[in-house]
Each structure stands twice: as C-alpha cells, then as structure tokens.
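Please open the structure in your viewer and keep the sequence beside it. The tour below moves from the whole chain to one pair of neighbouring elements.

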Amino acid sequence: MPLVSLRAKLNTLLAVMHASGTLDEQFKQLRAMEEDGSAPPGFVADAVTLFIRDADRILTDLAGLMKQRVVDVDKADALVRQLKGSCISIGAKKLGVSCTYFRRFYKEKPKGCLFVLTLLRNEFYDVRNKFQTMMHLEQQIEAYSPK
C-alpha cells in the first residue's frame with residue numbers, strides 16, 4: 001500500500017507542477033528518457049541536483065552584483081541568460097519566464113531591481129522545494145519497490 005500511495009503523491013506533484021506552469025514539456029521528456037532506458041537510472045535526479053546547485057550559485061552571484069554601487073549590466077545579463085539556459089534545459093518554465101522579466105526590468109532600472117531579484121529568488125525556492133520533494137518521493141518509491 002505505501003508504494004501505491006507514494007506513486008500517487010509523486011504523480012499528483014508532477015501534475016500540479018505541469019498544470020501550474022512550473023514545468024514544461026522538456027521536463028516530461030527528461031523523465032521519459034529515464035523511464036524508457038535511453039538515459040541511465042538517476043539521470044533526472046542528477047540533472048535536477050545540478051540545476052539546483054547552479055541556479056543557487058547564479059542567484060547568489062547576481063545578488064552580490066546588484067548590491068554594487070555601479071552594477072555591471074553586461075555581467076548581470078550574462079548571469080541571467082545562464083540561469084535562463086539552465087531553466088530551459090531542465091524544463092523549469094516559470095523560473096525561465098521570471099528570468100525574462102528580471103532582464104527587462106534591470107536593463108531599465110538596475111538599482112531598483114533588488115525587489116525583482118527577490119521575486120526571482122522566491123520562484124527558484126518554490127521550484128527547488130518541489131524538486132526536492134519529488135526526489136524524496138522517488139527515493140521512498142525506490143526503497144519500497146521489490147528488488
């Protein structure tokens with residue numbers, strides 16, 4: 001019974017993430033590759049872990065940059081483009097859209113964008129928490145699955 005319940009929770013979480021626009025078809029394709037054997041077991045978990053680590057680092061670098069007296073707009077742009085690329089690779093649609101809004105805003109008002117950076121970070125925290133919940137459920141499913 002726990003296995004059925006865990007799988008239902010995982011499926012519900014993924015359905016909500018897709019329905020809310022948090023994830024897009026790219027993430028479904030990554031999972032499908034793992035499920036059909038064209039990617040090794042743990043491929044999605046590894047990709048998610050790398051995404052979380054890289055996105056966290058980029059946001060930390062961006063926050064430091066935005067606190068400077070004179071913001072290097074080109075460097076900020078490069079960081080946000082890097083984050084958006086990571087979002088596209090993993091299928092984190094909502095966070096990618098937030099990157100686009102952030103880029104538009106800071107190009108016009110670099111000093112006033114700490115608030116928008118906070119919104120971008122909050123979007124990251126939301127997707128990170130959901131990904132972590134997903135990976136935890138997958139670990140529990142693995143533990144209960146017959147060997």
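Predicted model: local features only at pLDDT ≥ 70, side-chain atom pairs only at ≥ 80, totals over all residues.

Residues are numbered from 1 along each chain as its sequence is written, and side-chain values use heavy atoms, with hydrogens and water left out.

Next, show the C-alpha atoms, which fill a box of roughly 60 × 25 × 20 Å along the principal axes. If you colour by burial, 38% of the 147 residues count as buried (under 20% relative accessible area, with a 1.4 Å probe and protein chains only).

Now select residues 25–35, helix α2, together with residues 43–66, helix α3; these two pack at an angle of about 140°, with their axes 8 Å apart. That angle makes α2 oblique to α3, because angles under 35 degrees count as roughly parallel, over 145 as roughly antiparallel, 65 to 115 as roughly perpendicular and the rest as oblique.

Finally, show side chains where the two helices meet: Phe27, Leu30, Arg31, Met33 and Glu34 in α2 are in contact with Phe43, Val44, Ala45 and Val48 in α3, contact meaning heavy atoms within 4.5 Å.

Key: Buried < 20%, exposed > 50% of the residue type's maximum accessible area, 1.4 Å probe, protein only. Axes fitted to C-alpha atoms, helices over the stretch in contact; angles between N-to-C directions. Helix = DSSP H or I, 4+ residues; strand = E, 2+ residues; numbered from the N terminus.
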